[in-house]
Structures are given as structure tokens and as C-alpha cells.
Amino acid sequence: MTGSKIAKVLGGLCAASLCLALLGCGQSAQPAPQPSDDSQASEAAQSTQVRVASLKGPTSIGLVDLMEDAKAGTSANSYSFDIVGTPDEVVQKVVNGDVDIALVPANVASVLYNKTDGKVQAIDINTLSTLSVVSANSQVKDFSDLAGKTVYLTGKGASPQYVVEYLLSQAGIADSVTLEYKSEASEAVAALAQDPTAAAVLPQPFATAALSKVEGAATVADLGDVWKQYAPQGSQLVTGVTIVSADFLANHPEAVQTFAKEQEASVKSVLADPQAAASLVVSYGIIDNESVAAKAIPSCGLACVTGQDMESALEGYLSVLFEANPASVGGGMPTEDFYWLD
């Protein structure tokens with residue numbers, strides 16, 4: 001792919017297991033049994049090196065148990081993991097062919113599909129809603145109470161803006177809410193601390209951190225729940241999607257299936273023991289505060305949604321972004337071949 005193509009995409013953003021047959025003692029040796037289809041698939045998957053890229057923050061948290069298994073050599077696939085700081089870094093790795101699987105923001109998955117002419121496919125939703133409304137104002141008890149209030153948030157010109165504006169409009173309070181955008185979530189937390197009458201829409205782990213930094217602050221609403229009240233039926237508020245190179249999928253379907261199973265098991269392990277996972281999250285540089293990570297993990301929307309459920313949830317979400325700004329999803333809605341339903 002040419003340099004101009006890469007620039008265009010960035011602008012649109014964001015030991016093989018061998019089965020030994022033992023011959024029994026008897027009058028004559030019996031022929032060794034042939035390996036089953038399942039054992040052949042497992043062998044093919046194990047012999048494949050899978051390069052994975054992901055982002056710091058909730059998108060990578062669900063991977064930490066799998067990363068530990070890979071480091072110990074106990075994972076079914078052989079993996080390399082690259083955790084980076086910005087979506088643009090992941091995009092460039094995908095465009096350059098430097099990774100096989102990537103965990104990216106949901107709209108970035110669509111952008112890459114459009115800009116690479118369908119050369120990526122969505123494996124699963126790895127993160128659902130990470131956005132929460134936080135306020136120290138005792139009069140703000142739910143999403144509708146934002147009417148007449150100032151709301152601090154980040155993401156102007158990006159998905160958070162379109163999501164919040166859509167939900168405010170659906171709730172019928174858009175005209176009475178003042179949105180004040182900040183460049184960083186930490187700035188929104190600081191603004192909230194200075195204005196006790198206001199509210200903030202914050203991603204995890206910043207929403208959890210705000211509860212200890214802003215006196216009297218409480219979580220008023222999870223936007224994932226608000227989304228279910230107003231958004232298209234079957235859709236969900238999606239944060240992160242796992243994509244795979246279409247060529248890699250065609251050449252190594254068993255390895256991709258194995259990754260999906262190991263990813264799901266890793267997510268379940270993280271959610272079952274957030275405290276243990278938090279230590280790994282810090283050691284891999286995903287979040288820098290173990291206490292905050294342990295408290296935030298249950299609210300980080302970690303998931304592994306696949307198949308038709310993934311398609312319904314993601315298609316509905318992307319349609320809202322498309323209506324707000326077609327460029328946010330790469331100029332067009334992905335077609336059926338974007339969704340890996342095996």
C-alpha cells in the first residue's frame with residue numbers, strides 16, 4: 001500500500017502439538033490412528049504466529065490473562081502483543097500489514113474497512129460502554145436531570161460528541177443542556193471539581209477516579225443503559241471492536257477461531273478477579289494505578305460479543321454515528337462481509 005494510502009487512512013480517523021500413537025502389545029501391531037480434524041486444526045493454530053495490537057485503556061484490559069498465558073508459553077496460539085497509546089498508531093500497523101489482529105475503537109474499525117476496500121473484518125466487540133455521567137449535584141439523579149445543566153466532556157468532533165448529542169436529543173433535553181468540551185478527560189474532572197452544580201461524561205477509568213477526586217461525586221448514569229432506552233433495537237453503545245486482516249483470516253481460520261476462544265476466556269478471567277487483573281493491567285502499562293484499575297474494571301464494559309449479536313449491536317451503533325457524520329465511520333456503512341459470523 002502506498003504512502004498516500006496510509007496517510008488517507010490515518011486522516012479518516014482513528015511446539016506444534018504432535019500426537020504420538022502408541023502401539024499396544026499383541027499378536028500384531030495395529031496401524032496408528034489418523035489425527036482427527038480437531039487435532040489437525042489445533043496443530044495448525046499452534047504453529048501460527050499471531051501479531052496483535054491494542055490500545056492502552058479498557059480496550060486492552062480483557063487481554064491481560066491471555067498475554068500472561070502467551071508469555072508463559074501456555075496459550076494455544078503463539079502471540080506477540082503491542083499495546084500502543086493512540087488509535088493512529090494501531091491504524092498504521094494495520095495498513096502496513098504489521099499486525100494480524102487489532103483491537104480498535106468501533107468507528108475506526110468501520111473506517112479501516114472502507115479505506116482498505118474491505119480488507120479487514122470484525123471478529124467481536126471487545127468493549128461495550130465505558131462512558132458514565134458523574135456529578136456532585138444532588139439534584140442530578142439520572143440522565144434526564146441533565147436538563148438545564150452544564151456537562152463537561154471530551155471528544156468534540158468524534159464519537160463521544162455524536163453519542164451524547166444523540167442521547168440528549170432522544171431524551172428531549174438537547175436544547176437545555178450546555179456541552180463544554182475539554183481536550184483531556186483529566187481536564188473535565190478538574191472542571192467538575194470547580195463546578196459542583198455541573199456534570200461530566202467521562203470514560204473509564206477517569207469516571208472511577210473522579211469519584212475520589214471530586215467531593216460528593218457519584219455515578220449518575222451509565223450511557224450504555226441510556227443507549228438501550230433510546231437507540232435502535234438490538235444495538236448497543238460499543239467502544240471497542242476486534243478486527244482481523246481478511247488475508248490472515250482466509251489463510252489461518254483456525255488460528256483466528258482459537259484467538260476468539262482465548263480472548264473470551266481471558267475476559268471472563270479478568271472479570272472474575274478484578275484485583276488480580278489490576279496488577280497485570282499496571283504491569284503491562286495499560287493503566288498506571290492499580291487501585292483505580294481494580295475499581296474500574298467491573299465498569300469498563302469488557303465483553304466478547306460475537307456472531308449475529310455482534311452484527312446487530314455494532315450495526316445499530318455505527319448507523320447513529322453515520323447519521324451524525326458519515327466521515328466518522330469512513331463515509332459509508334460496512335456491508336455484510338465486514339462481520340465475521342463463524
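Q: In what order do the six strands of the open sheet lie, and how is a strand defined?

A: The six strands follow the order β2-β1-β3-β10-β4-β11 in an open sheet whose pairing is mixed. Strands (E, at least two residues) and helices (H or I, at least four residues) are DSSP runs, numbered from the N terminus. Two strands pair if DSSP finds at least two bridges between them. This is a predicted model, in which local features need pLDDT of at least 70 and side-chain atom pairs count only at pLDDT 80 or more, while totals for chains, interfaces and linings use all residues. Residues are numbered from 1 along each chain as its sequence is written, and side-chain values use heavy atoms, with hydrogens and water left out.

Q: In what sense do β1 and β2 pair, parallel or antiparallel?

A: In general, strands of a sheet pair through backbone hydrogen bonds, in either a parallel or an antiparallel manner. Here, strand β1 (residues 49-55) and β2 pair in the parallel sense over seven bridges. Within this pair, R51 stands opposite S80 in β2.

Q: Which strands does helix α12 touch?

A: Contact means heavy atoms within 4.5 Å. Helix α12 (residues 253-272) packs on the sheet and touches β1, β2, β3, β4 (120-127), β10 and β11. Axes are lines fitted to C-alpha atoms, for helices over the stretch in contact, and angles run from 0 to 180 degrees between N-to-C directions. On that scale, the direction of α12 makes about 150° with that of β11.

Q: How many strands form the sheet that contains β7 and β9, and in what order?

A: Five strands form this open sheet, in the order β7-β6-β8-β5-β9, again with mixed pairing. Its edge strands are β7 (178-181) and β9 (218-222), each pairing on one side only. The twist averages 30° from one strand to the next. Five bridges join strand β5 (residues 131-135) to strand β8 (residues 199-203), and these two run antiparallel. S132 stands opposite L202 in β8. Helix α10 (residues 223-230) packs on the sheet, where it touches β5, β8 and β9, and its direction makes about 30° with that of β9.

Q: At what angle do helices α6 and α15 pack?

A: Angles under 35 degrees count as roughly parallel, over 145 as roughly antiparallel, 65 to 115 as roughly perpendicular and the rest as oblique. Helix α6 (residues 106-115) and helix α15 (residues 307-324) pack at about 85°, with their axes 10 Å apart. Therefore α6 is roughly perpendicular to α15. A106, N107 and S110 of α6 meet L314, Y317, L318 and L321 of α15.

Q: What is the volume of the largest cavity, and which residues line it?

A: On a 1 Å grid over the protein atoms alone, a cavity is a set of points where a 1.4 Å probe fits but cannot get out; a pocket is an open set with protein on both sides within 12 Å along at least five of seven lines; and lining residues have an atom within 4 Å of a point. Grid points are joined across faces, edges and corners, and a volume is the space filled by probe spheres set on the points. The largest cavity has a volume of about 40 Å³. Its lining consists of T59, G62, L63, L103, N126, Q263, V267 and L302.

Q: What is the volume of the second largest pocket, and which residues are closest to its centre?

A: The second largest pocket has a volume of about 280 Å³. Of the 19 residues that line this pocket, V94, V95, G97, K119 and S245 are the closest to its centre.
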